[in-house]
Amino acid sequence: MKRALIGLIIGLSVVVLVMLINAARSSASLIQQTPKESKEQPKKIKLDTDSLDDKWGEVAFDHETHSLKSYNPDGKTVTSCVFCHHTDQPKESLKPPLTTSERPVALTADVLKDPAATPVKACRTCHLQAGDDSKQLPVVTKDGKQMKMDNENAYHINCFECHDAAIKAKPELAAKISGSDPKGCAKCHVAK
């Protein structure tokens with residue numbers, strides 16, 4: 001009787017372990033690698049997968065939620081595509097320090113339905129990893145300092161701008177999302 005009970009416990013443990021491993025694999029497969037360019041909106045992607053930071057790793061970014069739900073700081077509107085994809089709008093719509101425009105109309109999901117539409121480029125097309133000098137990185141002045149717009153700076157500036165505004169509008173969000181407070185890194189980043 002004792003052996004049967006131990007065997008049953010071991011058998012159930014193996015089944016549960018296999019189920020947990022399968023669940024982890026299927027959730028990991030939901031996160032996509034970011035293509036260099038695409039006309040398909042990704043659902044979930046990893047940002048900064050090859051970060052050089054010793055402490056913090058990638059960020060699981062839910063593109064679908066940020067692009068389809070009312071995640072603007074006002075809580076009522078969807079964030080426009082050009083908030084992040086700033087090159088995908090007419091030059092006359094750019095506000096400093098932005099200078100690069102590659103699309104004659106503002107990017108929307110409907111724009112991408114046109115078979116002739118130009119695909120959207122990934123952030124890393126211009127905002128390279130720090131230390132990658134294969135292209136000249138854009139440089140901006142922020143808080144009186146010049147900084148290269150590598151991918152880390154570009155992500156942080158964009159994410160912090162929106163998250164800080166959202167936390168200001170709804171302080172209860174501070175428990176869920178990270179703003180520019182340096183103690184909130186673990187809310188977005190995977191620790192290494």
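Predicted model: local features only at pLDDT ≥ 70, side-chain atom pairs only at ≥ 80, totals over all residues.
Local features here need pLDDT of at least 70, side-chain atom pairs count only at pLDDT 80 or more, and totals for chains, interfaces and linings use all residues. Residues are numbered from 1 along each chain as its sequence is written, and side-chain values use heavy atoms, with hydrogens and water left out.

## Helix H4 and what it packs on

Helices (H or I, at least four residues) and strands (E, at least two) are DSSP runs, numbered from the N terminus. Helix H4 covers residues 151-169, which is 19 residues. From its first C-alpha to its last, H4 reaches 27 Å, close to the 27 Å expected at 1.5 Å a residue. The expected span is 1.5 Å times one less than the number of residues.

Which residues of H4 are buried? They are Asn151, Ala154, Tyr155, Asn158, Cys162, His163, Ala166 and Ile167. Buried means under 20% relative accessible area, exposed means over 50%, and partly exposed is in between (1.4 Å probe, protein chains only). The buried residues of H4 pack against strand S3 (44-47) and H2.

At the start of H4, Asp150 places a side-chain oxygen within 3.2 Å of the backbone nitrogen of Glu152.

## The nonpolar core

A nonpolar core is a set of buried Ala, Val, Leu, Ile, Met, Phe, Trp, Tyr and Cys residues joined through side-chain atoms within 4.5 Å. The largest one has five residues: Ile45, Leu47, Val59, Phe61 and Tyr155. S3 and strand S4 (56-62) each supply at least two residues of this core. Tyr155 is also one of the buried residues of H4.

Leu47 is in contact (heavy atoms within 4.5 Å) with Glu58, Val59, Phe61 and Tyr155, leaving aside neighbours within four places in sequence.

Ser67 lies in helix H2. Ser67 counts as buried because its relative accessibility is 18%. Not counting residues up to four places away in sequence, Ser67 touches Gln41 and Val78. The side chains of Ser67 and Gln41 make a polar contact at 3.0 Å. Such a contact is a pair of N or O atoms within 3.5 Å; within protein, one must be able to donate a hydrogen and the other to accept it, and residues adjacent in sequence count only if both atoms are side-chain atoms. Ser67 and Lys43 are 24 residues apart in sequence and 9.4 Å apart in space, C-alpha to C-alpha.

His86 sits in the loop between helix H2 (63-68) and helix H3 (109-113). Is His86 buried or exposed? At 16% relative accessibility, His86 counts as buried. Leaving aside neighbours within four places in sequence, His86 is in contact with Leu94, Leu98, Thr100 and His127.

## Salt bridges

Side chains of opposite charge can pair when their charged atoms come close. A salt bridge is a side-chain nitrogen of Lys or Arg within 4 Å of a carboxyl oxygen of Asp or Glu. The structure holds five salt bridges. The table includes some of them.

| Pair | Closest N to O distance |
|---|---|
| Lys44 and Asp62 | 3.4 Å |
| Asp110 and Lys113 | 3.0 Å |

Lys44 forms a salt bridge with Asp62. Lys44 lies in strand S3 and Asp62 in strand S4, so the pair ties together parts that are 18 residues apart in sequence. Lys44 is partly exposed, at 34% relative accessibility.

Glu102 is partly exposed at 37% relative accessibility. Lys121 is partly exposed at 33%.

Asp110 and Lys113 are three residues apart in helix H3, so about one helical turn separates them. Asp110 is exposed, with a relative accessible area of 54%. Lys113 is exposed at 64% relative accessibility.

Most residues other than glycine have a negative phi, and most peptide bonds are trans. Where is the cis peptide bond? It joins Pro96 and Pro97, with omega about 15 degrees. Pro97 is in the loop between H2 and H3.

Asp143 is not a glycine, yet has a positive phi of about 55 degrees. Asp143 is placed in the loop between strand S6 (139-142) and strand S7 (145-148). Its relative accessible area is 74%, so Asp143 is exposed.
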